[in-house]
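Here is a structure to read through questions and answers.

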Amino acid sequence: MTDDSQVEGRTVDGLFPIRTVSQITGVNAITLRAWERRYGLIKPVRTAKGHRLFTQQDIDFIQRVVELTEKGVSIGQVRATLMGETPAQGQDVELDSWAVYRRRMLNAVVRFDVHALESSYNEALALYPVETVTKRLILPLLRTLGERWLATEGSVAEEHFFGAYLRNKLGARFHHHPPTHGPKLLAACLPGERHEVGLMLFSLSALARGFQVIFLGADMPLSELAATGLRASANGILLSGAVEPPVGVMTNELAKLV
């Protein structure tokens with residue numbers, strides 16, 4: 001049996017602890033445990049104290065599962081897909097759980113029901129990698145809310161409600177993310193840009209890939225970023241914007257910053 005005292009290290013006798021596997025694959029530990037317990041997709045080695053250890057073959061398999069879920073294959077159909085089986089009629093893998101999750105979350109937003117919203121979001125995060133949830137659930141839902149507002153079917157209150165919910169959830173993930181030691185990025189919204197959810201989603205993705213992120217948020221004056229970057233020893237500056245900034249920002253202030 002493997003020595004438990006080494007589990008926190010990068011490898012143990014050629015095996016990888018769950019934290020390292022999560023960093024390599026981008027799949028959080030909660031999701032990896034769900035794939036093991038609910039679906040039997042992976043079978044890690046256990047130490048005497050119950051710590052999970054993974055082989056390189058396990059990691060390759062997990063990355064293959066991630067690829068399939070990003071293509072729209074539901075987690076319940078992954079094993080059959082990998083074995084070359086065709087899902088039973090009526091089990092369209094793209095009509096999938098994502099459509100169900102989006103409908104459930106949209107209904108929760110329309111009712112301003114934070115508990116139903118939380119339940120659906122947490123369920124998706126427990127079964128799928130964060131980036132897949134972002135791509136298949138959060139971004140489409142944000143687009144749907146914007147389209148509802150344009151068509152006068154929705155309201156500004158709906159967008160604000162969901163935006164506030166996401167900022168709280170993503171902020172908590174920032175706070176609890178384990179320290180990283182890779183290149184350091186400053187992340188800021190352009191002057192006049194108050195929507196920071198997209199920037200937060202990108203920053204969390206960067207954290208999952210080992211970057212350090214200093215998140216400065218909405219409506220950041222570009223004139224302050226050069227000095228901030230130097231003081232923070234940043235390797236790069238990430239700017240985000242969905243609306244045209246004030247006149248002169250791109251032609252003058254951005255040029256000075258560069």
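**Loops, pockets and a patch**

D219 lies in the loop between β5 (212–217) and α10 (225–231); helices (H or I, at least four residues) and strands (E, at least two) are DSSP runs, numbered from the N terminus. This is a predicted model, where local features need pLDDT of at least 70, side-chain atom pairs count only at pLDDT 80 or more, and totals for chains, interfaces and linings use all residues. Residues are numbered from 1 along each chain as its sequence is written, and side-chain values use heavy atoms, with hydrogens and water left out.

Reader: Is D219 buried, partly exposed or exposed?

Author: Buried means under 20% relative accessible area, exposed over 50%, and partly exposed in between (1.4 Å probe, protein chains only). D219 has a relative accessible area of 32%, so D219 is partly exposed.

Reader: What is phi of F112 near?

Author: Most residues other than glycine have a negative phi. F112 sits in the loop between α5 (97–110) and α6. Its phi is positive, in a residue other than glycine, and is near 55 degrees.

Reader: What is the volume of the largest pocket?

Author: A pocket is, on a 1 Å grid over the protein atoms alone, an open set of points where a 1.4 Å probe fits, with protein on both sides within 12 Å along at least five of seven lines; lining residues have an atom within 4 Å of a point. The largest pocket is lined by 39 residues, and among those nearest its centre are S22 and H177. Its volume is about 1200 Å³.

Reader: Which element gives the most to the lining of the second largest pocket?

Author: The second largest pocket has a volume of about 670 Å³. Of its 24 lining residues, L142 and E159 are among the closest to its centre. Two or more residues come from each of α7, α8 and α9. With 7 residues, the most is given by α8.

Reader: How is W149 placed, buried or partly exposed?

Author: W149 is in helix α7 (residues 130–150). With W149, L150 and V156 make a nonpolar surface patch of about 320 Å². W149 has a relative accessible area of 42%, so W149 is partly exposed.

Definitions and conventions. Patch = residues over 30% accessible without salt bridge, like charges linked within 9 Å, V, L, I, M, F, W, Y side chains within 5 Å. Areas by Shrake-Rupley, 256 points an atom, 1.4 Å probe, with all protein chains shown as cover. Salt bridge = Lys/Arg side-chain N within 4 Å of Asp/Glu carboxyl O. Points joined across faces, edges and corners; volume = space filled by probe spheres on them.
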